[in-house]
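Subject: Structure for you to look at

Hello,

Here is the structure I said I would pass on. Please open it beside this email and follow along.

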Amino acid sequence: MSSPLSSERTLRIRDAVRSSRPARGLAPRSPVARLDRRRLPAGAVLTQSLGSIAPAAASSITPAALLAVGAGPFAGWSALLAIGLSVLIATAVNTFTRRMAAPGSLYSFAVQGIGPLPGFLTGCALLLGYAGIAVTCVAAAAHSLVQLVPVALGPVLLPIALAAAALLVAGIVALVVVRGTGGLWPWLLAVEIVSTAAVVVAAVVLLVDSAGMPAAPVELPRTDALGGLPASILVGVMVCASGFVGFESGTALGPEAKRPYLSVPRIVRWTPIVTGLVLLFSTIAQTAAFRVTGLDPAHTAQPLHDLLGAVGRPFWWAPVLDVVVAASFLACGIASVTALARLLFAMGLEGVLPFRLGRVHRRYRTPVVALAAGLVLVGGIPVVALLVGVAARAVIDTAVGVGVLGYTLAYLGVSLAAPRFLRRIGEPALGALVSSWVAAGALGILVPLWAVYQIASGRWLSLALTAGVLVVAAAYLLTTASRHPERVRSLGVFDATSAVDVLPSDWASRREGPGPAA
Amino acid sequence: MTAAEADPTRDRLPHPAAELSGRQPKAIVHALDVLEAVARHGPGVTAAEISVSLALSPATSYRLLNLLVAEEYLVRLPDLSGFALGRRAIEFAGVAAPTAWPPVPRRARGVVARVRGAVRWGVHLALCSESGLAHVADEDPDHPAQLADGGGDSLLGRLCADLRDRRKATDLPLLDGPTPGEGILAVAVRDDAGRLVAALLVTGPTEPLRRAVRDLRTVLTPAAEELGELLG
């Protein structure tokens, strides 16, 4: 019996490989060779995706927000539909992650599929997504820090304390991101696992305790701004989206990851499913708990806190969860800024934004100038807003609104781009085409519905900010296209195969030196 | 013309199914077939061409190609539609693995050292393989020139290819070296059969080196002949 690896076959393949023409015309180095290519283990990529989702923070806060939308006992359906949606989007994203690795992630992907202008708008939407969630994390972590202060702060001291705390959080984020998460990821992953486990335990406790409570269930409010249960369930899907957005952010580390075409698609596929199930479970538990305790989901600042208190759990639960959720927010800030810096780096490398953004740290080979620019945005906005006395809650609500809208618009862009990309390269795989079309169709309904809901409930600021940024971005790109058409042609930079990739590994390491450093 | 027609060797190969005994994992066989097909077609072959030439369904071809790319046996070319052999396939076939470079005999090193003593430029020896790869065998310790091993697209690989194509060296062209402002002169080292085995290289600031070419030839040509006997 001859095995598939029979010596005859092996010899034949060896001869075919030996007599094959080498690939000619390859650039000597990758366009993104400045980054520390092919070093990060899969765990670091997983930590990046998990960090951006912040499953603990999302699963503790999102269910109450979901119930507040008014789907009542049907809230679980919104969470389930959200998992389905994330699977479809993941398929569209993986169409690209199996074929290319790009620091600009969805931005570069979209340019490959739908061209420069829609691609650039996708990139700017993604930028809003990363920045919005990062601002949320900085503000929320600062808020938690200030709450640890045992004395009540007056109206003069409170804004100063909040702004100082935000500055501290932004500083910690900067320190971690500039060094790269290559060495720290096991700690960050541990934070994610411990914090998510804590929230799951809290959900189990809630479920058990509320089942044992004698009180008659309270009818949950089913008020809805849009009228009709289906609309509420659909709006609820967008609320749940805040619980899975960011799952694709490991993609931004593609060029820096070992075997990116293997690890990145797996992580993009499985993280939203696992974290989505945690969110679903937490939603079921909180729905049951809100029904027996009679608390109003629309008016609880810290739902998990308040619910555990209402079911009679001892006081020490609350601070434990506070610390856990704060750690989750900090990790989320680190992940969001890591991805944001890669996106700005890619835009700088292409020249569509100042070239300076394409510089890397001399020692760590991380995009340090892009990181500094991102931090001005992510640290500056909350610090200034808190300092002038805007409530932390208002900063967080607006930033989450911008973040979720930005992310979902970027997902819409990549879902539209995937089918066109597959046809362009001559690999129209049916499954990926259908998934991308369905994802694009679903987002095409959900995003406008969400916008209408936001306007109807008076939260138009995040909508106006997002629309404003995208209009400015479109105008900027059209102006750049007329002045420097060559810059627009170079859009969509990715880790293209270079000569070093087709040489034996111990040669590659000799040839690939550090790129131009900052 | 289809891809299958373009490849005459394909017909002479036993069909994969002929080697199967029923229980063997077909996916592995198909993956190996795809690897072999990419090697035979050469760089730039597309998924559709592979699918046609192996009579595999498009979906299977896409999956296997993506799998082989993920495992680094293949690479996607920068146009994202063409494929070429990747690092692991090349290592797998043992094509000029670095350990396979023959050691340079002591007497050959002596010849290079003698040239170094006779001229005031950087003198280096690079080995050239038939498959288009090049290896820095002896770099001038006093005038390091940042030369690096490489394939057909590297500076040394191109130099070797250039020397191989130019059988009769009537003049010594001065080329741009690895660092700006530096030039590089290359003299072919051939064995008895006239096959290129190595290149004797001289590096230095471009303009002074250009003026010295004539004098250098009288030193380099006999040295290259001597090296040819020692390395051939």
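Below is what was found in it, one chain at a time.

Please keep in mind that this is a predicted model. Its overall scores are ipTM 0.89 and pTM 0.79.

Chain A

Chain A is built with 18 helices and zero strands. Along the principal axes, its C-alpha atoms fill a box of roughly 80 × 65 × 40 Å. The radius of gyration is 24 Å, which agrees with the value near 24 Å that a compact globule of 518 residues would have. Buried residues account for 58% of the 518 residues in this chain. If you take the contacts in chain A between residues at least 6 apart in sequence, 84% of them join residues at least 24 apart.

One residue to look up is Leu162(A), which is found in helix H7 (residues 157-179) of chain A. Is Leu162(A) buried or exposed? Leu162(A) counts as buried because 26 other C-beta atoms lie within 10 Å, and the cut-off for buried is 20 or more. Leaving aside neighbours within four places in sequence, Leu162(A) is in contact with Ala142(A), His143(A), Val146(A), Leu386(A) and Ala392(A). Gly389(A) is 227 residues away from Leu162(A) along the chain, yet their C-alpha atoms are separated by 9.5 Å.

In soluble globular proteins, nonpolar side chains tend to be buried together. The largest nonpolar core here has 209 residues, and those with the most contacts inside it are Val138(A), Ala166(A), Leu340(A) and Leu343(A). Helix H12 (residues 317-350) of chain A gives the largest share of this core, 21 residues. Another core, of 37 residues, lies apart from it and includes Ala126(B), Cys128(B), Val189(B) and Leu227(B).

To see the surroundings of one core residue, select Val138(A). Not counting residues up to four places away in sequence, Val138(A) touches Ala166(A), Val169(A), Ala170(A), Gly333(A), Val378(A), Gly379(A) and Pro382(A).

Chain B

Chain B has nine helices and eight strands. Of its 232 residues, 42% count as buried. Among its contacts with a separation of 6 or more, 52% are between residues 24 or more positions apart.

Which strands of chain B form the open sheet of three strands, and in what order? The order is E1-E3-E2 (chain B), with antiparallel pairing. Strand E1 (45-46) and strand E2 (74-76) of chain B are the edge strands, since each pairs on one side only. E1(B) pairs with strand E3 (residues 82-85) of chain B over two bridges, in the antiparallel sense. Within this sheet, Thr46(B) stands opposite Gly82(B) in E3(B). Helix H3 (residues 26-41) of chain B packs on the sheet and touches E1, E2 and E3 of chain B, with its direction at about 95 degrees to that of E3(B). Helix H5 (residues 58-70) of chain B lies across E2 and E3 of chain B and runs at about 105 degrees to E2(B).

Confidence in chain B

The average pLDDT of chain B is 81, and 82% of the residues score at least 70. Among the elements of chain B, E1(B) has the highest mean pLDDT (96), while helix H1 (residues 9-12) of chain B has the lowest (42). Over residues 1-20 of chain B, pLDDT stays under 50, and the model has 23 contacts beyond four places in sequence for them. Where pLDDT is low, the predicted coordinates should not be read in detail.

Regards

Terms used: Residues are numbered from 1 along each chain as its sequence is written. Chains are lettered from A and ligands numbered from 1 in the order in which they are written. Helices (H or I, at least four residues) and strands (E, at least two) are DSSP runs, numbered from the N terminus. The radius of gyration is taken over C-alpha atoms; the globule rule is 2.2 Å times the number of residues to the power 0.38. A residue is buried if 20 or more other C-beta atoms lie within 10 Å of its own, exposed if 12 or fewer, and partly exposed in between; C-beta atoms are placed from the backbone. Two residues are in contact if their C-beta atoms, placed from the backbone, lie within 7 Å. Two strands pair if DSSP finds at least two bridges between them. Axes are lines fitted to C-alpha atoms, for helices over the stretch in contact, and angles run from 0 to 180 degrees between N-to-C directions. pLDDT is the predictor's confidence in each residue, from 0 to 100. A nonpolar core is a set of buried Ala, Val, Leu, Ile, Met, Phe, Trp, Tyr and Cys residues joined through C-beta atoms within 7 Å.
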